[in-house]
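Me: I'm new to this one and would like a slow walk through it. Could you put it up on the screen first?

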Amino acid sequence: MDTVTTNHFLSILKLNFITISVVIGVITGGVISAFRLLIEAGLKLSMVGYASIKHQPEMILVVILVLLMITVAVGLLLRLEPNIRGSGIPQVEAQVDGVFELNWFSVLWKKFTAGVLTNSTGIFVGREGPSIQLGAAVGQGLAAGLKQTGATRRLSIATGAAAGLSATFSAPLAGTFFVIEGMYRRFEPTICLSALTSALCSNFISERVFGLNPVLPIFYSQIYPPNNYWQLLPLGVLVGGLGFIYNRGLLTVPKWFQKIKFIPWYFYPGIAFLLVIPIGIFFPATIGGGARLILLTATHKLPLSLILFFIVLRFTFGLLSYGSGVPGGFFLPLLTMGALVGVAYGMLLVQLVDLPPEFVTNLLVFGMAGYLTAVCKAPFTAILLITELVGNTHNFMALATVVLVAYLTSDFLGAQPIYHVLAAQLTKGQRYLNSLDQLDQLCFTITQTSPLVNEFVETIAWPPTARLITIERHQQKNYTASRYETCRWRYTHLFSPP
């Protein structure tokens with residue numbers, strides 16, 4: 001096959017991927033829009049129920065009964081499909097890595113139902129993790145219908161994940177980079193185009209339902225003064241350190257729940273459901289993922305003591321909520337924690353160094369990005385997500401500075417990317433091989449620091465069943481590569497699973 005014919009074939013192949021991504025994005029956008037609408041309606045009902053207890057104390061019996069019914073429903077769904085526990089992102093990462101497999105239809109309807117019920121109670125979890133898993137399930141379902149296998153099938157799963165995050169946050173760029181940075185951990189044109197296409201299409205659907213306003217309309221047009229950038233360094237260290245502690249807590253608290261033996265594991269969420277009742281009665285603005293609390297702190301001047309109390313409350317009950325194994329995520333709870341820490345730090349600067357009060361909102365936004373980075377170790381995703389959430393790019397430099405310092409701080413303390421660790425715990429090193437996969441494709445870049453630089457093709461220890469098919473130098477592909485060419489290239493090979 002000559003080079004011109006091959007390039008034409010690859011162009012058609014990319015177009016095919018993009019077409020599939022459009023379908024995945026549109027379907028995912030519809031699923032996630034319905035998911036968001038039902039959660040918002042359920043949370044409003046819960047707030048009405050909690051508020052009624054103040055005036056009619058006997059209503060607490062009704063609320064407890066409803067929460068127990070939700071506990072039973074969610075518990076039965078968890079028992080039938082344990083892989084809907086938690087955010088669902090570790091399961092998706094393991095699928096994209098090819099080390100885990102799920103029943104897409106079972107996950108789709110059970111995660112959807114359990115996610116709506118869980119998020120409606122007001123416990124401190126978010127919808128973004130379940131949205132990513134729901135999108136991945138849509139991608140896997142379409143891949144099954146098209147009989148895709150191997151890397152192509154996994155790309156459809158990842159494409160659905162990008163669409164899920166995009167639709168739930170109205171953040172197509174963040175959805176795209178989440179897949180690139182968090183799952184594949186490499187830039188490849190087909191992956192980038194597929195993820196971006198599905199993210200844009202799903203966002204288009206969600207915008208038709210929820211409008212064009214950002215999810216967190218925090219309007220802060222003032223640019224943080226460059227002379228005050230030194231103030232960003234302690235904030236980065238602070239959110240980096242607290243993020244490291246939260247990172248460890250997400251791994252530790254579930255183990256504490258496992259020591260509870262008097263109730264089955266699938267009914268653990270009931271503990272969080274019942275404990276949220278007093279929070280819903282006395283602090284209704286704090287319940288749920290935290291979007292209401294973020295907007296409240298951005299638009300109202302709350303006492304510093306109250307902000308510190310909210311930090312402790314969100315920290316402890318957030319870990320307890322996720323640790324109980326509920327089908328919910330912690331993206332938005334992380335952003336809420338970062339916002340509260342940023343506000344508290346800003347209020348201290350106002351008192352200590354006469355920082356103009358209007359810049360406290362800037363620090364709120366910077367804290368969100370830094371805290372998310374410290375826990376998830378995905379700085380580019382965090383920067384883009386916060387930028388799209390608030391709909392403002394005026395403080396990009398200051399935002400990136402806090403993110404960088406937070407990343408370095410958590411990295412120095414030893415924090416690992418939380419989703420990677422959870423995925424490793426999920427699979428426990430056992431690799432899943434799809435029996436339908438006859439061939440798989442691997443490609444990666446040989447960098448200047450690679451030990452393969454200046455090696456000959458014939459001296460590399462290729463897998464026994466591997467076949468070199470592509471050599472690319474400076475975006476120019478050579479499909480008839482000599483086995484004696486030096487190894488300063490990007491290569492792709494096919495292999496059959498053992």
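Reply: What follows is a short tour of this structure, which is a predicted model.

Me: What does the secondary structure of the chain come to?

Reply: The chain has 17 helices and 4 strands, and of its 498 residues 56% are buried.

Me: And how much accessible surface is there?

Reply: The accessible surface of the chain comes to about 21800 Å², and 67% of that belongs to carbon and sulfur atoms.

Me: OK, salt bridges next. What is the count?

Reply: The count comes to 2 salt bridges. In one of them Glu 101 pairs with Arg 153, with their closest N and O atoms 2.4 Å apart. Glu 101 lies in the loop between helix H3 and helix H4, while Arg 153 is in helix H6, so the pair ties together parts that are 52 residues apart in sequence.

Me: Is Arg 153 buried or exposed?

Reply: Arg 153 counts as buried because its relative accessibility is 11%, under the 20% cut-off, whereas Glu 101 is partly exposed at 26%.

Me: Which residue does Asp 411 form a salt bridge with?

Reply: Asp 411 forms a salt bridge with Lys 377, and the closest N and O atoms of that pair are 3.0 Å apart. Asp 411 sits in helix H16 and Lys 377 in the loop between helix H14 and H15, 34 residues apart, and the pair links distant parts of the chain. Asp 411 counts as partly exposed at 40% relative accessibility, while Lys 377 counts as buried at 11%.

Me: Changing topic, where is Thr 387?

Reply: Thr 387 is in helix H15, which covers residues 379–390, and this residue is buried, with a relative accessible area of 12%. Leaving aside neighbours within four places in sequence, Thr 387 is in contact with Asn 392, Thr 393, Phe 396 and Leu 399.

Me: How far apart are Thr 387 and Pro 214 in space?

Reply: They are 9.7 Å apart, C-alpha to C-alpha, although 173 residues separate Thr 387 and Pro 214 in sequence.

Me: What about H5, how many of its residues are buried?

Reply: In H5, 15 of the 18 residues are buried. Helix H5 runs over residues 128–145 and reaches 26 Å from its first C-alpha to its last, close to the 26 Å expected. Lys 147, which follows H5, has a positive phi, near 60°.

Me: Last one: which residues form the nonpolar patch on the surface?

Reply: Val 22, Val 23, Val 26 and Ile 27 form that patch, with about 270 Å² of accessible area together. Val 26 is in helix H1 and counts as partly exposed, at 40% relative accessibility.

Key
Residues numbered from 1 in each chain as written. Predicted model: local features only at pLDDT ≥ 70, side-chain atom pairs only at ≥ 80, totals over all residues. Heavy atoms only, no water. Helix = DSSP H or I, 4+ residues; strand = E, 2+ residues; numbered from the N terminus. Expected span 1.5 Å × (residues − 1). Buried < 20%, exposed > 50% of the residue type's maximum accessible area, 1.4 Å probe, protein only. Patch = residues over 30% accessible without salt bridge, like charges linked within 9 Å, V, L, I, M, F, W, Y side chains within 5 Å. Areas by Shrake-Rupley, 256 points an atom, 1.4 Å probe, with all protein chains shown as cover. Salt bridge = Lys/Arg side-chain N within 4 Å of Asp/Glu carboxyl O. Contact = heavy atoms within 4.5 Å.
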